[in-house]
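The following questions and answers examine one protein model step by step. Please consult the sequence and the structure while reading.

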Amino acid sequence: MPPKPWLFSRKKRKAKVHPAKDTSPLADEGKAIALPFRRSLAANLEILQAIFADCQDVVYRRMKIGGAPGLATALIYIDGLVDNEIIDTQIVKSLLLEAPLATPAFALDEKLFCQVRDSLLTVANVREIADSREATFCILSGFALLILEGSNKGLALEVCGWEHRGVEEPQNEALIRGPREGFSECFRTNTALLRRRLRDPQLKLKTSFLGRRSQTTVGVMYLDGIVNPGLLTEVEERLQKIDIDGILDSGFIEQLIEDNWYSPFAQIQSTERPDEATAALLEGRVVVLTDNTPFALLIPATFNSLMHSPEDFYHRWLISFLIRGLRFLGTVLTLILPALYIAMISFSPEMIPTSLAISIGAGREGVPFPSIVEALIMEVVLELLREAGIRLPGPLGQTLGVVGALVLGQAAVQANIVSSAMVIVVALTAISGFAAPRFDAAIALRILRFFLMIMATIFGLYGIILGLMLILTHLVSLKSFGVPYLQPWAPWQSSDLKDSIYRTALFNQRWRPFYLKPREAKKMGAGVKKK
């Protein structure tokens, strides 16, 4: 039975603010009005020069081709967005020197236009343009526009050649074993990285342009025959409803299409790794690529998927199981450890072993602040060091983090501002927080840690239990494109537990995640029979 499209639907949010429209004669919602081209070269140039007024990086190259008296033409492009070598060798040189026109220049007709298009130009991608809006968009996208005297059509030539960063190793998702390639800011480079890993014609790419003024290229990639049609339709509908001036990063899209904007938990997974995006495609998820950013969006996301790393499948199952266990243990510690310390010290000291209680009491002797103030001081200082280390250059940031933590911690203990036990608790909490493989998951836990500390200060251990119940209730009610956020634990799905906290052997994972409702559920055959 095919999955139902409404499984991935959500309540539609009504727009409260209507953006003001540009009423200038040459613009409509940030785009040029679609004025049809005329047969006069001068008239067409006048339209384009009015659109690109005060744009001194726009180049107008006038030429006469086909010998005397020659056919008047003009080449328009933006310097810096095109490859000048292609302009010189494959357009200007071809038109002026290598292929004279067989038809007289003063009698331009459709045949001559086709001759220019098909015989004189050596650029691979050539498309016909009929109006000024399409011409403006092509020029701003890195194309060169060729217009001819006597023709009411232009030719957009793909000669893009702007500078961009090459393929490098991701800095935020480093692995011990695995590919070293990461996405870049170039859209076509990113699509090629996925195409190179999935040589399947069923890998589809649908491109759109978002942002009234930025017109940012956004691509939706999926494996046809595997992805659920309802999920794909929901993603496309949410993207089409985006109405904003500019899309500067994939984070804009993430915030505009997520289900619950008030939740601290990320409902869409972001990654810089092409191998992780490829794995998501093979599971039946949708990948959204955005131009000018190296971060791809994987839809939908669950808490389970945010705690996984691509490296989990590059090692043997036993190693991955132990690493995942440590990762989830670190998640629990970074969430509740400071709150548990506050509750035990302030409300339930009888639950601490006697020798340990004496040691903690001796360390707190002379400290003038209660445990919550100690914890807040240390946690805030730690967050400041973390933020400062990110903004500084790499080696300097690491040095500041290590030296700052040691010096401030030791000085605070000697000055009797905080106890040594609190320094140990905060340090262990910080180390545990780094076990989370993704920043989106780690930042949510860091925020909720302060919430549990306040609950522990007010209600003790009962406050921690109540806070955890509230967090769990929120997680159970949270959905990502109709998918329960706590899959496969709530609702319980035993078949998907093979890839949760416990990762079974690779040959046993023959089925795609059930919660994605893929059209083709099986991903692996029987394989070699294991004894």
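A salt bridge is a side-chain nitrogen of Lys or Arg within 4 Å of a carboxyl oxygen of Asp or Glu. This is a predicted model, in which local features need pLDDT of at least 70 and side-chain atom pairs count only at pLDDT 80 or more, while totals for chains, interfaces and linings use all residues. Residues are numbered from 1 along each chain as its sequence is written, and side-chain values use heavy atoms, with hydrogens and water left out.

Q: What is the distance between the closest N and O atoms in the salt bridge of Arg117 with Asp118?
A: Side chains of opposite charge can pair when their charged atoms come close. Arg117 and Asp118 form such a salt bridge. Its closest N and O atoms are apart by 2.9 Å.

Q: Is Asp118 buried or exposed?
A: Buried means under 20% relative accessible area, exposed means over 50%, and partly exposed lies in between (1.4 Å probe, protein chains only). Arg117 has a relative accessible area of 23% and is therefore partly exposed. Asp118 has 52% relative accessibility, so Asp118 counts as exposed.

Q: How many residues apart are Asp243 and Arg212, which the pair links across distant parts of the chain?
A: The side chains of Asp243 and Arg212 meet in a salt bridge (2.5 Å, N to O). Helices (H or I, at least four residues) and strands (E, at least two) are DSSP runs, numbered from the N terminus. Asp243 is in the loop between α6 (229-240) and α7 (250-257), and Arg212 is in the loop between β6 and β7; the separation is 31 residues.

Q: In which helix do Arg238 and Glu234 both lie?
A: Arg238 forms a salt bridge with Glu234, with 2.8 Å between the closest N and O atoms. Both residues are buried. They are four residues apart, about one turn of the helix, and that helix is α6.

Q: How many salt bridges does the structure hold?
A: Some salt bridges are linked in a network, which joins Glu379, Glu383, Arg386, Arg446 and Arg449. For the structure, the number of salt bridges is 26.

Q: How many residues of β7 are buried?
A: From β7, Thr216, Val218, Val220 and Tyr222 point one way, and Thr217, Gly219, Met221 and Leu223 point the other way. Residues on both sides are buried. β7 is therefore largely enclosed by the rest of the structure, the buried count being eight of the eight residues.

Q: What is the bridge partner of Met221 in β9?
A: Two strands pair if DSSP finds at least two bridges between them. β6 and β7 pair in the antiparallel sense over eight bridges, and β7 and β9 pair in the antiparallel sense over four bridges. In β7, Ser208 has Val218 as its bridge partner, whereas in β9 the bridge partner of Met221 is Val287.

Q: Which residue in the turn of the hairpin of β6 and β7 has a positive phi?
A: The hairpin has five residues between β6 and β7. The residue in this turn with a positive phi, of about 100 degrees, is Gly211.

Q: How many of the 10 residues of helix α8 are buried?
A: Helix α8 spans residues 274-283 and is mostly covered. The cover of its buried residues includes β6 (203-210), β7 (216-223) and β9 (286-290). Among the buried residues are Pro274, Ala277 and Leu281, and the number buried is eight.

Q: How many residues does the largest nonpolar core have?
A: A nonpolar core is a set of buried Ala, Val, Leu, Ile, Met, Phe, Trp, Tyr and Cys residues joined through side-chain atoms within 4.5 Å. In the largest core, the residues with the most contacts (heavy atoms within 4.5 Å) inside it are Phe265, Phe303 and Tyr485. The elements that give two or more residues to this core include α10 (317-346) and α12 (371-391).

Q: What percentage of the 531 residues in the protein chain is buried?
A: The secondary structure of the chain comes to 16 helices and 12 strands. Of the 531 residues in the chain, the buried share is 46%.
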